[in-house]
Amino acid sequence: MKASNIAAVCTLLVLLLAEAEVTMAATCNPTQLSPCVGAMTSSSPPSSLCCSKIKEQKPCLCQYVKNPNLKKFVDSPNARKVASTCGTPFPKC
């Protein structure tokens, strides 16, 4: 395979992966935070799954805070503590 073809294929792969990542990050679904319920409602530490879900859903947290049905769970001091423990500080909304 020619070097120019390899470069073109690599560029295409990078663009596809970047688009896939943006698409996945833009999907806001509060049920994705269900692995965090135990840590948010008690003093138990968050699981690695919980932390990965918080990181995935971080762009959506302000949207969840604006929802009256979700605000009391997402904007609680314990939820903020879980996010901080996971290395994902809660955004300023």
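**Pocket, cavity and disulfides of a predicted model**

Modeller: The largest pocket has a volume of about 240 Å³. On a 1 Å grid over the protein atoms alone, a pocket is an open set of points with protein on both sides within 12 Å along at least five of seven lines, while a cavity is a set where a 1.4 Å probe fits but cannot get out; lining residues have an atom within 4 Å of a point. Grid points are joined across faces, edges and corners, and a volume is the space filled by probe spheres set on the points. This is a predicted model, in which local features need pLDDT of at least 70 and side-chain atom pairs count only at pLDDT 80 or more, while totals for chains, interfaces and linings use all residues. Residues are numbered from 1 along each chain as its sequence is written, and side-chain values use heavy atoms, with hydrogens and water left out.

Biologist: Which helices each supply at least two residues of the lining of the largest pocket?

Modeller: Helices here are DSSP runs (H or I, at least four residues), numbered from the N terminus. The lining includes Val37, Met40, Thr41, Leu70, Phe73 and Val74. The helices that each supply at least two lining residues are H2 (37-41) and H5 (68-74).

Biologist: How many residues of the lining of the largest cavity are charged?

Modeller: The largest cavity, of about 50 Å³, is lined by Leu33, Met40, Ile54, Leu61, Val74, Ala79, Ala83 and Phe90. Ala, Val, Leu, Ile, Met, Phe, Trp, Tyr, Cys and Pro count as nonpolar, Asp, Glu, Lys and Arg as charged, and the others, Gly among them, as polar. The lining has eight nonpolar residues, no polar ones, and the number charged is none.

Biologist: Is the disulfide of cysteine 36 and cysteine 50 left-handed or right-handed?

Modeller: A disulfide is a pair of cysteine sulfur atoms within 2.5 Å, and these two lie 2.1 Å apart. Cysteine 36 lies in the loop between H1 and H2 and cysteine 50 in helix H3, so the pair ties together parts 14 residues apart in sequence. The torsion about the S-S bond is about 115°, so the disulfide is right-handed.

Biologist: Is cysteine 60 buried or exposed?

Modeller: Cysteine 60 is joined by a disulfide to cysteine 28. Buried means under 20% relative accessible area, exposed over 50%, and partly exposed in between (1.4 Å probe, protein chains only). Cysteine 28, at 31%, is partly exposed. Cysteine 60 has a relative accessible area of 0%, so this residue is buried.
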